[in-house]
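My entries follow in the order in which I made them.

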Amino acid sequence: MIKVLVVDDAAFMRKTIKMMIEKKGFQVVGEAENGSTAVTKYLECRPDLVTMDITMPHVDGITALKEIMVLDPKAKVVMVTAMGQETHVREAVMCGAKSFIVKPFKEENIVNTLKNVSAL
């Protein structure tokens, strides 16, 4: 079973992602509401994959991505972003993100993306 850490400042979005992926066989091993908590949870949970919102208070997703990649260069992080944030997506990919998902997304998009990234 693929273990996932879900990071988003919106509790509703974390719950939505968790619901969508758990019914497809993924195991959500942790949740975080900002980038700082995401790094701590990454070390605690050691997930196979991370879904990381880009725009969050305190510490944003790109900063958290950079910190996670320093701790674990093999980390598999999928960025979750709103429409119109292409420059942030490019920066995230250059910093080590394996893929991205644009909000609003369909269930099959997130599941397929996570399956593809987990196979890398």
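**Entry 1**

I began at Pro 104, which lies in the loop between β5 and α5. The model is a predicted one, and I read each entry with that in mind. I checked the peptide bond from Lys 103 to Pro 104 and found it cis, with omega near -10 degrees. Most peptide bonds are trans, which is why I recorded this one. I then followed the chain into helix α5, residues 107-118. This helix lies across β3, β4 and β5, and runs at about 170 degrees to β5.

**Entry 1: the sheet**

In what order do the strands of the open sheet stand? I read the order as β2-β1-β3-β4-β5, five strands with parallel pairing. The edge strands are β2 (27-32) and β5 (99-103), each of which pairs on one side only. From one strand to the next, the twist averages 20 degrees.

I then went through the pairs.

- β1 (residues 3-7) and β2 run parallel and are joined by five bridges; Val 4 has Val 28 of β2 as its bridge partner.
- β1 and β3 pair in the parallel sense over four bridges; here Val 4 is partnered by Leu 49, and Val 6 by Thr 51.
- β3 and β4 run parallel with four bridges between them; Thr 51 stands opposite Val 78.
- β4 (residues 77-82) and β5 pair in the parallel sense over five bridges; Met 79 stands opposite Phe 100.

I noted that Val 4 has a bridge partner in β2, namely Val 28, and another in β3, namely Leu 49. Thr 51 likewise is the partner of Val 6 and stands opposite Val 78 in β4.

How many residues of β3 are buried? I found five of the five buried, so β3 is largely enclosed by the rest of the structure. Leu 49, Thr 51 and Asp 53 point one way from the strand, whereas Val 50 and Met 52 point the other way, and all are buried. For β1 I found four of the five residues buried, so this strand too is largely enclosed by the rest of the structure.

I took Thr 51 as a single case. Thr 51 is in strand β3, residues 49-53. Its relative accessible area is 0%, so Thr 51 is buried. Leaving aside residues up to four places away in sequence, Thr 51 touches Val 4, Leu 5, Val 6, Val 7, Ile 17, Val 78, Val 80 and Leu 114.

**Entry 2: crossovers and helix α3**

β1, helix α1 (residues 11-22) and β2 make a right-handed one. β3, α3 and β4 make a right-handed one as well.

Which residues of α3 (residues 61-71) are buried? I listed Gly 61, Ile 62, Ala 64, Leu 65, Ile 68 and Met 69. They cover an arc of only 155 degrees around the axis, so they are on the same side of α3.

Gly 61 is in α3 and counts as buried because its relative accessibility is 0%. Beyond residues up to four places away in sequence, Gly 61 touches Met 52, Asp 53, Ile 54, Met 56 and Met 79. I also checked Gly 61 against Ile 110: the two are 49 residues apart in sequence and 18 Å apart in space, C-alpha to C-alpha.

**Entry 3: positive phi values**

Most residues other than glycine have a negative phi, so I searched for exceptions. I recorded Arg 46, with phi near 45 degrees. Arg 46 is in the loop between α2 (35-45) and β3. Is Arg 46 buried or partly exposed? With a relative accessible area of 43%, Arg 46 is partly exposed.

I also recorded His 58, with phi near 70 degrees. His 58 lies in the loop between β3 and α3. Its relative accessible area is 74%, so His 58 is exposed.

Conventions. Residues numbered from 1 in each chain as written. Predicted model: local features only at pLDDT ≥ 70, side-chain atom pairs only at ≥ 80, totals over all residues. Heavy atoms only, no water. Helix = DSSP H or I, 4+ residues; strand = E, 2+ residues; numbered from the N terminus. Buried < 20%, exposed > 50% of the residue type's maximum accessible area, 1.4 Å probe, protein only. Contact = heavy atoms within 4.5 Å. Arc of directions from axis to C-beta. Pairing = 2+ DSSP bridges. Axes fitted to C-alpha atoms, helices over the stretch in contact; angles between N-to-C directions. Right-handed = clockwise from strand over helix to strand, strands pointing away.
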